[in-house]
Amino acid sequence: MKAIRRFTVRTVLPESLAAVAALAANLRWSWHEPTKALFARIDPQRWEDLDHDPVALLGAVDPARLDELAADSAFMAEAEALRADLTAYLEQPRWYQSLPDAPQRIAYFSPEFGIASAIPQYSGGLGILAGDHLKSASDLGLPLIGVGLFYRAGYFRQAIDRDGWQKESYPLIDPDGLPMQMLREHDGSAVRISLRLPGGDALHARVWQMQVGRVVLLLLDTDIHDNSDELRGVTDRLYGGGGEHRLLQELLLGIGGVRAIKRYVDVTGTPAPEVFHTNEGHAGFLGLERISDLIAEGLSFTEALQVVRAGTLFTTHTPVPAGIDRFDGELIERYFSTDLLPAVSAPDVLALGTEDYEGGDPAVFNMAVMGLRLAQRANGVSKLHGDVSRGMFGALWEGFDQDDVPITSVTNGVHAPTWTDPRMVALAKEKLGTYETSSCDWRSEAVTDADLWAVRRAMREQLVTDARERVTAAWAEQNPGVAAPSWMGELLDPDVLTIGFARRVPTYKRLTLMLHDPDRLRALLTHPERPVQLVIAGKSHPADDSGKALIQKLVQFAADPELRRRIVFLPNYDIGMARLLYPGTDIWLNNPLRPLEACGTSGMKAALNGSLNLSILDGWWNEYYDAENGWAIPTADAAGDGAERDKLEAEAMYDLIEHQIAPRYYDRDAEGLPRRWLQSIRHTLATLSPELSADRMVREYVERLYVPAAHAERAITADDHRPARELAAWKARVAAEWPHVSVTHVESGGVQSPQVGDELKVRAHVQLAGLSPDDVLVEVAFGRARNGDDLVDVRRQPLELAEHELGQPATFVGMVPLARSGSFGYNVRVTPKHALLANPAELGLVAVAH
Ligand SMILES: *Cc1c(COP(=O)(O)O)cnc(C)c1O
């Protein structure tokens, strides 16, 4: 029989355990070891069985145990001390509070958030990054508010069947079993967010509120009675549906998310966001809701657009086209031709997302393109990815060199307290006196090689134990009642060089590159003196059969009785597994097709634990590899075809393992210590930990992007939005005149036979059409001239107005120092200039001398 109605009875803890309840209600426990240790004391076995979920734990322990704890004075004293520590963490000023003029609030939108394994609302790197962003924002004291969706079944749970094929299941998550609360109106009723849909229906959502340290996370949830069955399913799964289902999720996230913030600000009486950060394009519709609000205040669409752009930051995360959301233009038109946002017209919306550039598809609505057009600031997630993104989206700024495309980069980081094994933290605290990533001197003799190696071994052993348990549990699930084969208890060896590889399984990540030459891999795994073992994990998107086929190939290879103790695929990669996997590996392997890995963060998490990276020079590794912290697999991008490239890169990887990595790892002294290897670990910990920390990343976002965005938004909204109106009018005028703007003539002189130290005089005549000299920036761009006259290492210097007679070209002059010997070239470029522009390329308008 099916229940006609169901509800969850929430645990009511005895009043005396209020401190424990308070600790469980704030997700800060997920990165605070002492708080986790307290929960574990309640019932160590259940704590493990329930995947470190304090709310589930408190619901599951029997009331007699709770009474016992309430009477345990040592436990109670610890709980009270931890609550006091949490309160201090929430209330005391932190880094952000020392900044003058910083934004009063920042909204951070993301389709997924990976915070703790007990809250499976993420699929991979994007979500984990968002979770780490919130945690570091909290640690640094940012007034950040996160916005996402609450997915009833999260992503999916992965099992591997006997044929090695991935099977997905979708266990439902009970919102009442999670540390969240419903957002309520002043009168106590639940906040309802509603979106009008074509055909007159509406999509309704409730809003959950999670406390991630100091940061609030709002999650919209459509699984409520107000909705039809179909619409209840809008937030069913992460990346589950295509087309319209996906669009509904994104409309809810963007438009619904801004509405949820407005309700939150109203009911809590706290400041509204000045800056909106959209983590990838999925949340891009947020800008349209904000435009709609500004139109209601009397602005036109283009005026409102200026305001929204000023305060918006767009972060792009992928150079892989399949990673970018594109919708059928007609679908977008249908949704925006209704009462969804009555003040915003469908053609205006369509224009924002259309690929109206060379190579674009005019029938498609591109969320990344809209993201870039709605944001005055944009970034990629590593230096290399910034460059790749400038190339990929360069068509939106036609006429500009790739280097001038206004997309910067902030390299991702990872939240150190979440991702550093407690043993490493304990070692640092004990021997170095601190575990601040920025002040830990891991090269100090205070930590001996023996200490460090003992911790590394303990972490390896922890992984081995976990892998055995996982494989045995997976067997039990598939073969109920049949005892697991004994070899599963002997899987892997805590004293063997351990290589880890775990990630989602899109093609570009090349899960099976290691299988390129199976005999060679076999020889590495079974080497008599210097064996290697491999621990592999990863989920394929449910709709991606080619990814599943890769997993199958690997699982089948690993099933060979001669190899199965040295290579293992662990099902259901998630945060819980990852936290043991990274510290337990000696080498973290990554072999994407360069440059398709935007950043990659798993290697960073491994490095924080003293694991060395072996990776293609892609993403973060491209900027941090220094020959001492790991190994670089050379990229064979000059190879004739993909197969040739795979072959060359795989062989290089085998060579590195065989000739460099394994010999160094097994090179032991009389005490059994690999001194040279330990030196690399110390170097890695000392130099990379502060750089790879999400604190460094969040600080960069604040200083380079959030603060300037807040200032831009304050400037443009001052005086009842007068600057926004003026900017919109100015842009229209500039765009109309621009086809007539040109550099008519350039003269130079002052040097006979040029030598270093000379100065070149430049005089440029510029036809300004209807514009004034103040409307333009005239610059000389100079550098080394390469073949084909291409300028490289370009620098730029503004020219000053010298003469301007009405109706005549204006003359601009300046001097260029010849600071370097060798070939020299220059050109003159004109771009629009306005105090409210963040970048000369912003309007996509440029005139250069020919
Ligand atoms: C860090 C992490 C990822 C992302 O790793 P990449 O190197 O960016 O692929 C994916 N899944 C989990 C569980 C992680 O912890």
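**Close-ups of the domains, the ligand shell and a sheet**

**View 1. Domain layout of the predicted model.** The chain is split into domain 1 (15-89), domain 2 (103-409), domain 3 (430-687) and domain 4 (741-848), with bounds that come from an automatic or database domain assignment. A bit of housekeeping: this is a predicted model, so local features need pLDDT of at least 70 and side-chain atom pairs count only at pLDDT 80 or more, while totals for chains, interfaces and linings use all residues. Numbering starts from 1 along each chain as its sequence is written, and side-chain values use heavy atoms, with hydrogens and water left out.

**View 2. Who surrounds the ligand.** The ligand has 15 residues around it, and the closest are Lys509, Tyr582, Thr601, Ser602 and Lys605; a residue counts as near if one of its heavy atoms lies within 4 Å. By type, the shell splits into six nonpolar, five polar and four charged residues. Domain 2 and domain 3 each put at least three residues into the shell. Among the helices, α7 (125-140), α21 (575-584) and α22 (602-608) supply at least two residues each, and α21 gives the most, with three. Helices here are DSSP runs (H or I, at least four residues), strands are too (E, at least two), and both are numbered from the N terminus.

View 3. Look for N or O atom pairs within 3.5 Å, the cut-off for a polar contact. A ligand oxygen lies 2.6 Å from a side-chain N or O atom of Lys605. For Thr601, a polar backbone atom is 3.0 Å from a ligand oxygen, and for Tyr582 a side-chain N or O atom is 3.1 Å from one. On its own the ligand exposes 390 Å², and the protein buries 95% of that (Shrake-Rupley areas, 1.4 Å probe).

**View 4. A four-stranded sheet.** This open sheet runs β23-β24-β28-β27 with antiparallel pairing, where two strands pair if DSSP finds at least two bridges between them. The edges are β23 (742-749) and β27 (800-803), each pairing on one side only.

**View 5. Inside the sheet, β24 against β28.** Eight antiparallel bridges link β24 (residues 759-767) to β28 (residues 810-817). His765 has Thr811 in β28 as its bridge partner.

Terms used:
Polar contact = N/O pair within 3.5 Å; in protein donor to acceptor, adjacent residues only side chain to side chain. Nonpolar A, V, L, I, M, F, W, Y, C, P; charged D, E, K, R; others polar.
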